[in-house]
Amino acid sequence: MSKKVYCVAQFQPKAGKADELFKVLQGLEPNTLREDGCLQYIVTRHIASPFAEGKSFAIAFNEIWADLPSFEAHCQRAEIKHFFETYCVAETGLAVDWNVCIYSDEPANFDAPKLV
């Protein structure tokens, strides 16, 4: 069974706050990449392309975690909780909206081999 989880964490900055929010989010990368279960943690910003015209938040993290417990432990770190409280939830924060979702690459009803 595939244990990896994939997270897309999107952030919509308040007007005029995109660069500042992007910089704050970049500051989360070094410590998160030190976590044993973190396989990828990259903050990106939306760019225009006529070949990708879908709806998007301005900033997105693309994350890969070894397993669900690693992702959930990450979410409980003081630095991550502080980020959301300060920059998302607080009235004075930099984000007007955010969306964090996790995904699995395992098909439903996958008959994963049993490892002994």
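Good morning. Two rings of Phe, Tyr or Trp count as an aromatic pair if their centres lie within 6.5 Å, with the six-membered ring taken for Trp. By that definition, F11, F83, F84 and Y87 form one aromatic cluster in the structure before you, which is a predicted model.

Among contacts with a separation of 6 or more, 73% are between residues 24 or more positions apart.

I turn now to the aromatic rings. The structure holds seven aromatic pairs. One of them joins F11 and F83 in an edge-to-face arrangement, with 5.5 Å from centre to centre and 85° between the planes. F11 belongs to strand β1 (residues 5-13) and F83 to helix α4 (residues 78-89), so this pair links distant parts of the chain, 72 residues apart. Both F11 and F83 are buried.

F11 also pairs with F84. Their ring centres are 6.0 Å apart and their planes meet at 40°, so this pair is tilted. Because F11 lies in strand β1 and F84 in helix α4, the pair ties together parts that are 73 residues apart in sequence.

Which of these two residues is buried, and which is partly exposed? F11 is buried, at a relative accessible area of 2%, whereas F84 is partly exposed, at 23%.

Finally, the chain as a whole. Buried residues make up 28% of its 116 residues. The accessible surface comes to about 7,900 Å², and carbon and sulfur atoms contribute 56% of that surface. Thank you.

Conventions:
Residues numbered from 1 in each chain as written. Predicted model: local features only at pLDDT ≥ 70, side-chain atom pairs only at ≥ 80, totals over all residues. Heavy atoms only, no water. Phe/Tyr/Trp six-rings, centres within 6.5 Å; stacked < 30°, edge-to-face > 60°. Helix = DSSP H or I, 4+ residues; strand = E, 2+ residues; numbered from the N terminus. Buried < 20%, exposed > 50% of the residue type's maximum accessible area, 1.4 Å probe, protein only. Contact = heavy atoms within 4.5 Å. Areas by Shrake-Rupley, 256 points an atom, 1.4 Å probe, with all protein chains shown as cover.
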